[in-house]
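Please look over the model below before reading my points.

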Amino acid sequence: MAMRPGVQEAGPTFRGECRQPRICSASGLGGVHTPTVAWRPVTLYDLDRDALGTLLATEPSFRVDQLWDGLYRQGHPVAELTNLPASLRRQLVTDHPDALSEIQRSVSDGGETVKWLWTLADGAKVESVLMHYPRRTTVCVSTQAGCAMACDFCATGQAGFTRNLTSGEILEQVVRARQSAVPRRVDNIVFMGMGEPMANFDNTWAAVQRLHHDMGLSARSLTISTVGLIPGIRRMTAEDLPVNLAVSLHAADDALRDRLVPINRRYPLGELMDACAEYVEVKRRRLSFEWALIDGVNDRGEDAERLSALCGPLRAHVNLIPLNPTDGFATRGSPPQRVSAFADHLRRLGINATVRANRGTDIDAACGQLSASANGPEIRVDLGSTRPTL
Ligand code: SAH
């Protein structure tokens, strides 16, 4: 078997600063991992089929199919792919360790919501959330460690940006959550965890393609949420897979949106709505707007009216999220009666609006609460590494 040393080329994916310099044993250089020396072991989920073929060049050719099938269709850990020889599994696990090491697992909603805090090979931390509902199971994945979009009310934005995730790191979140969900199946993937998917488009889209082509998820079960990066929306429009698009709107006039979602200053509402209209027109997919209801800020009658004027021509659906508390934002979420009044107002204006069921607020797993912090008052099951060994 031709195993390559587990080193990935430096590239845009790894340019984010590393806050945790450490000795880099995987580089073979024994060097110190600094913000400018980008490295990390290549995980199996980062490789395409050809690269797996190269990796297994000295094995019988059917091994590539077995491994690919095991990684994606079955979704088992490599150590458990018993149709591969034990020596091969051992070598794969040694040379291509998992990208995600579980450092904490938090459970709430009577076991129906599970949040993982993972640490990556370079010490960056990300979170993923698994949510079971009566008729479906959803995984919410991160696309970046941290986020550079700086929305004040979002815990991830408050913590700042660390780096982009690779497609393998994104995919592995789904694989690990899917393993934990058994016997239930994962039906939906939402790119609504930490980070801005459109700011890491290539890796996010590579993960989307793998989820669709190899893990068998339909495009309609995948949803990418964006703060409104227009170039990303345009790229999605040009791609073949008609995934769902969600736009985190939160304000329907530029003055307020400039304050709540700073990227609006670069991509103002008029241009954003044009890009959304194009997406809907080309993809024929339902567009949704996310709207975190902030007490006295964007939950007024005039906000509902402006929002409905934006939704109408696009036939957009509105997802109302009562603002979840974060340490860095003093204003509270709208109280329940204002939430329902806002929803009713929209409905009277003919807009399809739902109030999103809040999941995992007690474990900081709810929208905007992901900050990869290991502190909190919740019941936590600290499992250490739960990966099987050979
Ligand atoms: N960056 C992408 C993906 C994150 S999705 C985006 O902004 O769409 C996370 C969703 O939760 C976004 O709609 C975000 O605006 C919203 N959100 C952020 N902080 C929140 C909070 N404190 N309460 C409720 N929703 C929040």
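**Notes on the predicted model**

1. Lys 125 first. Neighbours within four places in sequence aside, Lys 125 is in contact with Leu 117, Trp 118, Thr 119, Ala 145 and Ala 372. Contact here means that the C-beta atoms of two residues, placed from the backbone, lie within 7 Å. Lys 125 sits in strand β5, residues 125-132. Its C-alpha is 8.9 Å from that of Thr 162, a residue 37 places away in sequence.

2. Is Lys 125 buried or exposed? Lys 125 counts as buried, because it has 23 C-beta neighbours inside 10 Å. The cut-offs are 20 or more other C-beta atoms within 10 Å for buried, 12 or fewer for exposed, and partly exposed in between, with C-beta atoms placed from the backbone.

3. On provenance. The model is predicted: local features need pLDDT of at least 70, side-chain atom pairs count only at pLDDT 80 or more, and totals for chains, interfaces and linings use all residues. Residues are numbered from 1 along each chain as its sequence is written.

4. The whole chain. The protein has 11 helices and 15 strands. These are DSSP runs numbered from the N terminus: helices are H or I with at least four residues, strands are E with at least two. Of the 390 residues, 45% are buried. Among contacts with a separation of 6 or more, 67% join residues 24 or more positions apart.

5. The ligand. Which of the 18 residues around the ligand come nearest? They are Cys 154, Ser 225, Ser 248, Cys 367 and Gly 368. β10 (222-226) and β12 (287-293) are the elements that give two or more residues to this shell. A residue is near if its C-beta atom, placed from the backbone, lies within 6 Å. By class, the shell has 10 nonpolar, six polar and two charged residues. Ala, Val, Leu, Ile, Met, Phe, Trp, Tyr, Cys and Pro count as nonpolar, Asp, Glu, Lys and Arg as charged, and the others, Gly among them, as polar.

6. Helices α5 and α6. Helix α5 (residues 167-181) packs on helix α6 (residues 201-213) at about 45 degrees, axes 8 Å apart. α5 is therefore oblique to α6. Ser 167, Ile 170, Leu 171 and Val 174 of α5 meet α6 residues including Asn 203, Ala 207 and Leu 211.

7. Oblique covers what is left after under 35 degrees (roughly parallel), over 145 (roughly antiparallel) and 65 to 115 (roughly perpendicular). Axes are lines fitted to C-alpha atoms, for helices over the stretch in contact, and angles run from 0 to 180 degrees between N-to-C directions.
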